[in-house]
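Colleague: Hi! Could you walk me through this one? I'd like to start with the pockets and then move on to the contacts.

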Amino acid sequence: MGLLHRIRREGDKTTAKDKAGVDAAIERLLALHPQLGLARSCQKRLAPAVAASLAHVRALVDAVPAAREASAAAWDGDPYIHAWFGAPDDVASRMSRSAELRAFFAANGDAPEAYAVLGMELTERHILGARMEGETMRRDVPQTTVSFSDHQVRMCGRDDAELREEIVRRLLDELALAGLGRGAADKSRRTVLERERALLKTRLQLLERQGQGIRSVIGGDVASDPGELARLQAQVEENARDLAGLGLREDALERELEHVRAVFAQPERHLSVSTRRLSLDRMNVVIEPATSTGAPMIDLEFRIARLPTLPPRARAFSLVRFARTSLLPETSVFEEAEQLLSSGLWS
């Protein structure tokens, strides 16, 4: 009975935590668009969809591996750090460019290290290279290489749990923005249709009036084209149908709420993380399973996040730990940036 009672208590705690997460997500949504709270039963209608998104997002975040140590010392021993950065000194150099990382250390003077999300651009290139096959060196061999660039740190936390909770919040906010964006597009289309209808009606009236007034007596005007009149009339009617399909202005908040609810109800359409498995050698050359090169290689799994942008983008990412003592002085970062810009090597 003691164990059963404990399990039930843990279940109650989880439920309470989830409800708090749902309430907090809706509160942040309404902070972005306060008028949405005026829609009928706003929170009650949103809650089940937001709960589905919360479960989806937490599952994505929980599946991300533990943070890796991002340091020059780890470059040689950690194959992931070795793959992401070109040289040991690149680790501190790239990480120290982050304004968010610097702000975190400034605001948390007692924190010896920061847990952070490192995002990177993963690029594949197809080249001709050299490869040892037994004791023979073959040249002009088709190869695929991968490289990582545009290293960015935008989110930091004091520990793993704090960072993951912040990621969950940010992803829920991303879904809220996607839903509000749909509502904004709905409004924009209404504005375009109303303006288009006004222009079409004006044009139609002008064409119809060409057969009236003094010009019908003495001439001097361009005769109306019955075909053009018919086309314009058809466009006006189509425009009116499209506008009617958007509903009344009084229903605007209801439609906006439905857009947001629909996005939260299907989070997998907007947020997804995939795993890319690659076998790499020390030069980031992809080694195919059937290829025997004799060179040391290791199987790596990279997490790829699909971003709901236009056009859609994909970014490799990982959780990392970065020590305060590894942070370069700001002057050194600026000097390095100037050198990279002047040499055209910025990546």
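Modeller: Happy to. One term first: helices (H or I, at least four residues) and strands (E, at least two) are DSSP runs, numbered from the N terminus. This is a predicted model, so local features need pLDDT of at least 70 and side-chain atom pairs count only at pLDDT 80 or more, while totals for chains, interfaces and linings use all residues. Residues are numbered from 1 along each chain as its sequence is written, and side-chain values use heavy atoms, with hydrogens and water left out.

Colleague: Got it. What volume does the largest pocket have?

Modeller: About 900 Å³. Of its 28 lining residues, Val 117, Met 155, Leu 171, Ala 305 and Leu 307 are the closest to the centre. A pocket here is an open set of points on a 1 Å grid over the protein atoms alone, where a 1.4 Å probe fits, with protein on both sides within 12 Å along at least five of seven lines; lining residues have an atom within 4 Å of a point. For volumes, grid points are joined across faces, edges and corners, and the space filled by probe spheres set on the points is taken.

Colleague: Which elements each supply at least two residues of that lining?

Modeller: Those are α2 (42–62), β2 (113–133), β3 (136–157), α7 (160–209), β4 (272–281), β5 (297–307) and β6 (313–323).

Colleague: And how do the lining residues of the largest pocket divide by type?

Modeller: There are 16 nonpolar, 4 polar and 8 charged residues. The classes are Ala, Val, Leu, Ile, Met, Phe, Trp, Tyr, Cys and Pro as nonpolar, Asp, Glu, Lys and Arg as charged, and the others, Gly among them, as polar.

Colleague: What about the second largest pocket, what's its volume?

Modeller: About 310 Å³. It has 18 lining residues, and Ala 83, Gly 86, Val 146, Met 283 and Asn 284 lie nearest its centre. By type, the lining of the second largest pocket holds 7 nonpolar, 8 polar and 3 charged residues.

Colleague: Which element gives the most to the lining of the second largest pocket?

Modeller: That's β3, with 6 residues. Helices α4 (79–84) and α5 (88–95) also supply at least two residues each.

Colleague: Switching to strands: in what sense do β5 and β6 pair, parallel or antiparallel?

Modeller: Antiparallel, over 5 bridges; two strands pair if DSSP finds at least two bridges between them. Ala 305 has Arg 315 in β6 as its bridge partner.

Colleague: Is Arg 315 buried or exposed?

Modeller: Buried, at 11% relative accessibility, whereas Asp 150 is partly exposed at 27%. Buried means under 20% relative accessible area, exposed over 50%, and partly exposed in between (1.4 Å probe, protein chains only).

Colleague: How many salt bridges does the structure hold?

Modeller: 19. One of them joins the side chains of Arg 58 and Asp 18 at 2.8 Å, N to O. Arg 58 sits in helix α2 and Asp 18 in helix α1 (residues 2–32), so the pair ties together parts 40 residues apart in sequence. Arg 58 is buried, with a relative accessible area of 16%, and Asp 18 is partly exposed at 32%. Asp 18, Arg 58 and Glu 165 are linked in a network of salt bridges.

Colleague: Last topic: which residues of helix α6 are buried?

Modeller: In α6 (residues 99–107) they are Leu 101, Arg 102, Phe 104 and Phe 105. These cover an arc of only 155° around the axis, which puts them on the same side of α6; the arc is that of the directions from the helix axis to the C-beta atoms. Ala 99, Ala 106 and Ala 107 are exposed on the other side of α6.

Definitions and conventions. Salt bridge = Lys/Arg side-chain N within 4 Å of Asp/Glu carboxyl O.
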